[in-house]
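Thanks for coming, everyone. Please have the sequence and the 3D view open while I talk.

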Amino acid sequence: ASPLGLRTLVVDPVADSCAGQVTDLVTAEWGDAAALAEFAGRVDAVTFDFENVPAATAERLAAQVAVHPNPRALAVAQDRLSEKTLFRESGLNTPEFAAVDSRDDLAAAVERIGLPAILKTRRLGYDGKGQFRLKTPADIDAAWAALGEAGAKHGLILEAFVPFDRELSVLAVRGRDGEFRTWPLTRNWHVDGVLSLSLAPAPGTSDELEQAAVAQARAIAERLDYVGVFALELFVRNGELLGNEMAPRVHNSGHWTIEGAHTSQFENHVRAVLGLPLGDTGVRGASAMLNWIGELPDPAPVLATADGHWHDYGKEARPGRKVGHATICASDAGSLRAKLVEVGAGLGREEQVAPAIDVLG
Ligand code: ATP
Ligand code: MG
Ligand code: MG
């Protein structure tokens with residue numbers, strides 16, 4: 001927002017929110033009506049970059065000031081059950097799924113959907129948290145022990161485990177006037193349910209598949225009257241697209257757009273939310289993004305690479321936590337591959353870059 005000459009005010013329940021390093025901050029609980037009303041009175045538009053802001057809070061703000069994306073879109077995307085139901089209504093197939101509210105439901109769902117399957121909390125999960133993978137019926141007890149308590153609060157969903165060929169995401173932006181744009185498809189690799197590596201444009205994607213994925217994203221956005229940036233996460237299985245989830249916000253698989261696209265996801269989100277013209281979503285070449293999970297490696301090999309970019313989030317190192325990322329850009333797939341070979345070796349992270357090297361080769 002800042003390069004566009006905009007001033008921002010961030011509301012966060014966390015008193016030492018890292019946003020305070022760069023902008024003015026209001027500390028308030030999501031249910032604090034008085035503080036939220038005062039906040040709404042100080043701003044012209046509201047958005048969020050965190051999908052677990054309670055939809056009721058967004059609705060309360062929307063009574064006073066423009067909130068984009070709208071609270072209904074946020075509410076749908078917060079619940080894996082309503083999200084997958086919406087996907088199917090919009091014509092996007094999904095893995096088989098069933099709502100699970102009790103241990104009996106779980107046993108019945110396993111019976112109907114089969115194994116392997118994944119039990120997930122309907123709400124609040126991220127980076128693979130709140131998930132349990134079931135391989136045999138003997139896992140039902142362990143799955144219930146792990147997630148039954150969370151399920152009693154917000155409900156659970158059982159999904160068929162999809163032996164997908166690859167994972168893609170559509171990063172899209174829709175303006176207040178309905179203008180819709182996408183960046184080229186991104187291919188993603190997860191390790192233990194956490195995004196590890198992204199590559200854009202996704203190599204080896206047919207025009208037909210790309211157009212189908214974009215059409216699905218557009219249909220979903222129009223159904224939700226969505227304004228802003230979102231990501232649609234897809235599995236590809238035997239040439240078919242299956243909807244995994246959508247993120248109603250700027251997304252980790254779109255971080256490469258900061259350096260790799262003419263307009264980043266962050267800038268276009270702000271433009272959309274404020275009703276400004278959307279920026280060019282074209283790319284400057286090929287990009288790879290490497291996530292730093294748990295701890296940061298030595299930045300030197302990335303910084304020594306031409307068009308290599310380092311992002312340190314200033315977060316305390318903790319197992320499983322995303323603490324930064326790097327983006328490597330190049331003019332074409334061949335030179336990106338060569339850079340990744342070098343950076344991977346320099347970092348001692350050959351394994352992390354290997355899938356990209358494979359498909360760029
Ligand atoms: P995010 O951090 O993207 O919000 P999340 O915690 O909401 O993640 P999901 O996207 O549902 O979780 O799952 C994380 C990853 O686990 C997926 O990207 C995929 O690699 C794997 N996964 C999830 N569901 C399935 C499934 N039904 N079949 C196969 N793999 C799956
Ligand atoms: Mg998610
Ligand atoms: Mg996901």
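**Two cis prolines, then the rest**

Let's start at Pro116, which sits in the loop between helix H5 (103-113) and strand S6 (117-121). Helices here are DSSP runs of H or I with at least four residues, strands are runs of E with at least two, and both are numbered from the N terminus. The peptide bond joining Leu115 and Pro116 is cis, with omega about 0 degrees.

A word on the source. This is a predicted model, where local features need pLDDT of at least 70, side-chain atom pairs count only at pLDDT 80 or more, and totals for chains, interfaces and linings use all residues. Residues are numbered from 1 along each chain as its sequence is written, while chains are lettered from A and ligands numbered from 1 in the order in which they are written.

Back to prolines. The bond from Ala200 to Pro201 is also cis, with omega near -10 degrees. Pro201 is in the loop between strand S12 (194-200) and helix H7 (207-224).

Now zoom out. The protein has twelve helices and 17 strands. Its radius of gyration is 21 Å, close to the 21 Å from the globule rule for 361 residues, so the protein is as compact as a globular protein of that length. That radius is taken over C-alpha atoms, and the rule is 2.2 Å times the number of residues to the power 0.38. The C-alpha trace spans about 55 × 50 × 40 Å along its principal axes.

How much of the protein is buried? Buried residues are 37% of the 361. Buried means 20 or more other C-beta atoms within 10 Å of the residue's own, exposed means 12 or fewer, and partly exposed is in between, with C-beta atoms placed from the backbone.

Next, domains. There are three: domain 1 (2-77), domain 2 (96-160) and domain 3 (166-360). Those bounds come from an automatic or database domain assignment. The centres of domain 2 and domain 3, over C-alpha atoms, are 29 Å apart. A UniProt annotation from an unreviewed entry, "domain: ATP-grasp", covers residues 84-274. Such annotations may be inferred rather than shown by experiment; positions follow the numbering used here, and feature names are shortened. That stretch, 84-274, is 34% helix and 32% strand.

Where does ligand 1 lie? Domain 2 and domain 3 both give residues to its shell, so ligand 1 lies between them. Of the 16 residues around ligand 1, Asp127, Glu159, Val162, His190 and Gly193 come nearest. A residue counts as near if its C-beta atom, placed from the backbone, lies within 6 Å. The shell has five nonpolar, five polar and six charged residues. Nonpolar covers Ala, Val, Leu, Ile, Met, Phe, Trp, Tyr, Cys and Pro; charged covers Asp, Glu, Lys and Arg; the others, Gly among them, are polar.

Asp192 is not a glycine, but has a positive phi of about 50 degrees. Asp192 is exposed, with 10 C-beta neighbours inside 10 Å. Asn238, also not a glycine, has a positive phi of about 50 degrees. Asn238 is exposed too, with 7 other C-beta atoms within 10 Å.

Last stop, Thr47. Buried or exposed? Thr47 is buried, because 23 other C-beta atoms lie within 10 Å. Beyond its neighbours within four places in sequence, Thr47 contacts His68, Gly228, His269 and Val273. Contact means C-beta atoms, placed from the backbone, within 7 Å.

Methods:
Contact = placed C-beta atoms within 7 Å.
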